[in-house]
Amino acid sequence: MSTIKELNISPVGRVEGDLDVKVYMENGVVTRAHTQAAMFRGFEKIMEGKDPQSGLIVTPRICGICGGSHLYCASSALDTAWKTKLSPNALLLRAIGQATETIQSIPRWFYAIFATDLANKKFANKPLYAEVVKRFAAYVGTSFQKGVTASGRPVEVYALFGGQWPHSSYMIPGGVMCAPTLKDITRAHAIMNFFRNDWLEPVWLGCSIERYLRIKSWDDLMAWVDENESQRNSDLGLFIRASLEFGLDKFGQGVGKFLAYGTYLHKDLYNTPTVEGRNKALISSSGFFDGKNWSEFDHLKIKEHVKHSWYADVPAEHPWKEPFPTPVQSQHLADSDFNGKYSWAKAPRYDGFSAEAGPLSRVIMNANPNNLNHQIQDPLFGDIITKLGPNVFTRTLARVHEAPRLYEFINQWLSQIDLDGEFYIKPEERDGMGFGATEAARGALAHWIEIKNGVIKNYQVMAPTTWNVGPNDEQGKSGPIEAALTGIEIEDPHDPVEVGMVARSFDSCLVCTVHAHDGKTGEQLAKFKL
Amino acid sequence: MVNILWLQGGACSGNTMSFLSAQEPTVVELVTDFGINILYHPSLALEIGEQVSDLLHDILRGSVQLDIFVYEGSVIQGPNGNGSMNNFAERPMQDWVRELSNVAGYVVAIGDCATWGGIPAVPPNPTESTGMQWHKEKKGGFLGEGFISKAGMPVINIPGCPAHPDWISQILVAISTGRIGDVLIDDLHRPKTFFTDFVQTGCTNAISFSKKIDGGFGKRGGCLFYEVGCRGPMTRASCNRILWNRQSSKTRANHPCLGCTEPGFPHHDLKKGSIFKTMKYLGFMPRELPNGASRLGYFTLTATTKALGIAQTDPDTSK
Amino acid sequence: MANVLWLQGGACSGNTMSFLNAEEPTVVELVTDFGINILWHPSIGLELGDQVSTLLNDILKGKIQMDILVYEGSIVQGPKGSGTMNYFAERPMQDWVRELSQVAGFVVAIGDCATWGGIPAVPPNPSESTGMQFHKNKKGGFLGAGFVSKGGLPVINIPGCPAHPDWVTQILVAISTGRIKDVLVDEYHRPKTFFTDFVQTGCPNAISFAQKVDGGFGKRGGCLFYEVGCRGPMTRASCNRILWNRQASKTRANHPCLGCTEPGFPHHDLVKGSVFKTMKYLGFLPQNVPTGVSRMGYYTRAGVEKVMGTVERVLGVEQEHFETSK
């Protein structure tokens, strides 16, 4: 007997605002899903007509988790608009800020947000379940406190150069505010070293960073897991084994197209910032991957759609040409019309395609055979995406895969800072258009600015979550999370944990639980942890 | 055992991120060693959804005691005062906040958005945001000027964008160890123990300030007050006394203080010429001066008083 | 890999204790991760007796390379220059020090006793103590004004009673990360990165200092310079920038700075009226005024400064420069 159920899932958890999900199921399989961003904040509108540097103060405060990434974009957008000069030191200190924020987020996100899902009762009959609960359960898991506490260390380095984390504005057009001294550099090395000794090698990898970085393929990775007890039983080893045993590699595929803006501008290759020169100056490369081929990233191919968003209708446009959005009345999830407007998020599209942003996109770009010499060349995820495809497991693996490499980068960049060199070159303020982008911990982030008569005429922020959580576009095509939810099999409709895990694998910010209601009767079906 | 409920409205989660960086005690130690029972927190709790709305209803009915209600983020009242721009657990968040505030022992507003409205409240204030008991510099806000919680205190304001983890955790420890009587609050409802010092207190450039030596971006040393808009001399907070992330502070890293613990942040509502620039009076004198200094006095005071034995001002202190 | 030998002469071990408090990096991390190989240390060395003198002789013979000699404590030269008041491994310590200094890549004096003689050298200096390359504020000391180690530097002085752990560990990290060229030393051979700031830099009472507001024991706030002898304005050290034990500093805890990173500590040689009292000139003016300021100037400047400064800026007069260092 075919049964159709509509589930209203509210809230799924904060993703740049509150996320709600509407799911239509047939025989336990999701046939259609809609994502709803449930809060409006209007930060872009606040900047209209204000000081051109407002973005340096306002945008980091859009997100307390990725504030340094917003700052990286805001300062870059002004650099391109004002045609500044950047010293190698300035580029290094900005890259260090971005990298320390991202590496901080890896243990904080993995333990506090993701891994607690593995302790869900859905997996209670699996052999590794007991060990997973012992290690990853919230608060009491043996690795939980260790990982959450360790996550505070890398941002101490951020504080040495930015004064504090979160919410510093130390990256400014023309460079950085600080002019660090020897003792700041040596201490930064030592703090990172502590992070490695305290968590990264003994708890997470079970081996040296050097050993881990030798992994080049899926087979290498499997061989690494089985190489010895230390690696098998490390938190990473356990995560890989449990994911495969629990079947996390079997659901949450998504749209199969990937977008990364890339980040970490090379100290000697972006001293004269331009939008056109950006791609070649990146250390972690940008690009678009359609499932088979890589193509060069061009920000002019981005358009935002608002047909299904709670904003007054305007044609889909590139952010430089978009007006500030005009909010219209929203509805509760249960009352929403999914053929009409149903989310506070806009729907961005790249060259017309819905695309996934995030660590998985980033490491796929790292595998692009056309990467330049100074760019990361890591074939691992080119291989993994061919063999396993995108899913909950590969998305999470991509996220944690970056930690060892970032550790190496941070140390390398610290050692390249020239204490006798310049840190700031005062720019000339002028009107113009600017574009700044980076890779926040959870994916592609960009700012577009237009300055006219010495004030902000237009400011557009597009967050990675906008890419992933956005609703349908003008053509009715789904956003990445909507697509990833479609087709999943919900084993127990009274505990649809699969929905949560898919959304979570796109790197939502915070731990949440959702509840589900029967769309027709309003009867509560289940509570479940996301 | 002290029961705490933490909710987020128009928030970026920055205060939560800051709180998670706390040491001595860490968040986990607060729970395990200091008798803090976190009923719910959006990023720490395992319960949410129906369990949360059940919990909220239990609190409102009085079957669960709420000792401290911590609120992060602005209170979103838009559009048109109905609050539906921020729904939570099937209701506008503002409705939950109003009712929970009435049953809580203490109400703590954390961060600038919750205290005075913060960035969301900058004109044109598209979300109709306000703070719990202030709207920018004006007392009142969402709960109204006269609001007093059950334990007899107004909203305790812990401002900052974000608030320093110590400002949060030490106040929670003070309450849980029975030292609430030692928590004095100033006229802006900030705990005096953290908000009596100025950001300049302990700033490494304070001597440059008194010698009137300019600093600037990318340079070492010099005071950021005169040219790049540092608000350290007129902003009360302990940033340079207890440091951030155990290491530093904005002004120690040559970053002008933004004045984020004072109502009105972002100051001058981001208007042209107000960002990282000192607003000038008569073209060359800083328009805003250190707290307690009259403009004329500021230029003529100091040196002679000591030698002539003129009565000294008492240093501003608090327990 | 840098081989470090650490010896103690007329020492209280306070610098060693301070060093063991180090974090980022800890002593253990220095050894395991930053390539510091501690050949021997009196508190943590495993060797004893003959093994130590064998090691020292191997170093002198060149069989073992010694990159850094760290010396803690005064050089005890008594009685009558013989040095027998401080024997070590069957010889006067001063003899070991003289010979080891000649073969070391770099020589580091740690703490006031090793740098300038410290408390042991206060008259009548019963042990005939002196510092490695300074005797109080006079250059010379035990090794002589002209001493230069094999690595091309004079004795690197890390004063303080005790020295802050970072002042040692960060210099060792600088060496191990190839940044020795970034270690600049001042006229007293102190690394500028730590000894350019004054103790007053970052002191919470600096504004009270400028406003001439007195502090005092058992009170909150106010400056300790005017009455209880704080030497923060004339003492170079990063105590209020990087803090002690991760938490505080003397002046943050309302304790007058004793000036222990400057040669001459204990200042005024403990003469009557010099301890926790500001020595007065004409009965009410502090006898010691902040470094870089003339006494007359000090009392007349502050108030008119801003007006003058503004006029100067408008007229385009060059502004006062101030010292910084990387």
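Predicted model: local features only at pLDDT ≥ 70, side-chain atom pairs only at ≥ 80, totals over all residues.
Trainee: What makes Glu128(C) count as buried?

Mentor: The cut-off for a buried residue is 20 or more other C-beta atoms within 10 Å. Glu128(C) has 22 C-beta neighbours inside 10 Å and is therefore classed as buried. Glu128(C) lies in the loop between α5 (112-116) and β8 (129-130) of chain C. Its phi is positive, about 55°, although Glu128(C) is not a glycine.

Trainee: Why is Lys83(A) called partly exposed?

Mentor: A residue is exposed at 12 or fewer such neighbours and buried at 20 or more, with partly exposed in between. Lys83(A) has 15 other C-beta atoms within 10 Å, so the label is partly exposed. Lys83(A) is placed in the loop between α3 (67-82) and α4 (88-114) of chain A, and the phi of this non-glycine residue is near 55°, a positive value.

Trainee: What makes helix α14 of chain A mostly covered?

Mentor: Eight of the eight residues of α14, which spans 359-366 of chain A, are buried. Among them are Pro359(A), Arg362(A), Ile364(A) and Asn366(A).

Trainee: Why do β2 and β11 of chain C stand at the edges of their sheet?

Mentor: The sheet is open and has five strands in the order β2-β1-β3-β7-β11, with parallel pairing. β2 (36-40) and β11 (156-158) of chain C each have a single partner strand, so one side of each lacks a neighbour in the sheet. From one strand to the next, the twist averages 25°.

Trainee: How is chain C divided into domains, and what joins the parts?

Mentor: Domain 1 covers 2-193 and domain 2 covers 206-308 of chain C. Their C-alpha centres lie 30 Å apart. The contact takes 17 residues from domain 1 and 13 residues from domain 2. On the domain 1 side there are eight nonpolar, five polar and four charged residues.

Trainee: Which residues make up the side of chain B that touches chain A?

Mentor: In this contact, 59 residues of chain B meet 72 residues of chain A. The largest share of the chain B side, five residues, comes from α1(B). By class, that side holds 26 nonpolar, 23 polar and ten charged residues.

Trainee: How confident is the predictor in chains B and C?

Mentor: Mean pLDDT is 85 for chain C, where 87% of residues reach 70 or more. For chain B the mean is 85, and 86% of residues reach 70 or more. pLDDT stays under 50 over residues 299-322 of chain C and over residues 295-313 of chain B. For the complex, the predictor gives an ipTM of 0.79 and a pTM of 0.83.

Definitions and conventions: Residues numbered from 1 in each chain as written. Chains lettered and ligands numbered in written order. Domains from an automatic or database assignment. Contact = placed C-beta atoms within 7 Å. Nonpolar A, V, L, I, M, F, W, Y, C, P; charged D, E, K, R; others polar. Helix = DSSP H or I, 4+ residues; strand = E, 2+ residues; numbered from the N terminus. pLDDT = per-residue confidence, 0-100. Pairing = 2+ DSSP bridges. Axes fitted to C-alpha atoms, helices over the stretch in contact; angles between N-to-C directions.
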